[in-house]
Amino acid sequence: MQCAYFDLGGEGVAYHTPDPKNRGSGALNPADGSYLNQFRMSEGVGTSYVKYHDAIDDNPYNRVRPPPNQLYVGWTTPGEWIRLTVEVARAGRYAADLLYTSNRGGRIALDVDGRPAAPAIDLVSTWDPAETIPWRQWHHWNLMRRMAAVDLPEGRCILTLRIDSEGNMNLALLDFRAED
């Protein structure tokens, strides 16, 4: 599931962010009428997308190559959260993977229906001392496999992804697969 497709409902319902301005869509990405540049630009959560021009997200410091035009949530700060409603076909234990960047590491948490679903998750920093372009430290993509094992009930449930420490992460995809 794409993190940028968090629920509708606005501040305090679908998300919480201390900064009411979307720093990506409509700001960094100019409001030019295109879907990607204006994606959810009226929401407070910072959203952007993977860019392959000028070696922004397609750079030699990636640990994985992200899909072109992949949407993501960025400009994160501790205390920020997003909610994602999901339909689970079968109750069970699921492994969760995360496509992300984090230039200084940090800690996130995952709740299911308002209850902690797993212990806090420490993200490995994607900072690379060989990088010569300082702002590109936010664009070194990694895939954290099995960042958590989560019990999901059958039917509709609400996942809340919280930033507990550090922030400055880009969160693109959460992928859940059943554990046998």
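Student: How many helices and strands does the protein have?
Tutor: This is a predicted model. The protein has one helix and 13 strands.

Student: Where along the chain is the helix? What order do the elements run in?
Tutor: From the N terminus on, the order is β-β-β-α-β-β-β-β-β-β-β-β-β-β.

Student: OK, overall shape. What does the C-alpha trace span along its principal axes?
Tutor: About 45 × 35 × 25 Å.

Student: And what radius of gyration does the protein have?
Tutor: The protein has 16 Å. A compact globule of 180 residues would be near 16 Å, so the value agrees with that.

Student: What share of the residues count as buried?
Tutor: Of the 180 residues, 50% are buried.

Student: Switching to charges. How far apart are the mean positions of the positive and negative ones?
Tutor: They are 1 Å apart. The protein has 18 positive and 23 negative charges.

Student: Now the inside. Which residues touch the most other members of the largest nonpolar core?
Tutor: That core has 37 residues. Those with the most touches to other members are Ile82, Ile108, Leu123, Met147, Leu152, Leu171 and Phe176.

Student: Which strands supply at least two residues each?
Tutor: They are β5 (71-74), β6 (81-88), β7 (92-102), β8 (106-112), β10 (121-123), β11 (142-152), β12 (155-165) and β13 (169-178).

Student: Which one gives the largest share?
Tutor: β11 does, with five residues of this core.

Student: Back to Met147. Which residues is Met147 in contact with, leaving aside neighbours within four places in sequence?
Tutor: Met147 contacts Ala96, Leu98, Ile108, Leu110, Ile121 and Leu174.

Student: What is in the second core?
Tutor: The second core is separate and has five residues, including Val50, Leu99, Trp141 and Ala172.

Student: What share of the contacts comes from residues 24 or more positions apart?
Tutor: Such pairs make up 76%, counting contacts with a separation of 6 or more.

Student: Last one: Thr126. Where does Thr126 lie?
Tutor: Thr126 sits in the loop between β10 and β11.

Student: Is Thr126 buried or exposed?
Tutor: Buried. The relative accessible area of Thr126 is 0%, and buried means under 20%, so Thr126 qualifies.

Student: Which residues does Thr126 touch?
Tutor: Setting aside residues up to four places away in sequence, Thr126 touches Arg63, Tyr100, Thr101, Ser102, Asn103, Gln137, His140 and Asn142.

Terms used
Residues are numbered from 1 along each chain as its sequence is written. This is a predicted model: local features need pLDDT of at least 70, side-chain atom pairs count only at pLDDT 80 or more; totals for chains, interfaces and linings use all residues. Side-chain values use heavy atoms; hydrogens and water are left out. Helices (H or I, at least four residues) and strands (E, at least two) are DSSP runs, numbered from the N terminus. The radius of gyration is taken over C-alpha atoms; the globule rule is 2.2 Å times the number of residues to the power 0.38. Buried means under 20% relative accessible area, exposed over 50%, partly exposed in between (1.4 Å probe, protein chains only). Contact means heavy atoms within 4.5 Å. Lys and Arg count as positive and Asp and Glu as negative; His and the chain ends are not counted. The place of a charge is taken as NZ of Lys, CZ of Arg, CG of Asp or CD of Glu. A nonpolar core is a set of buried Ala, Val, Leu, Ile, Met, Phe, Trp, Tyr and Cys residues joined through side-chain atoms within 4.5 Å.
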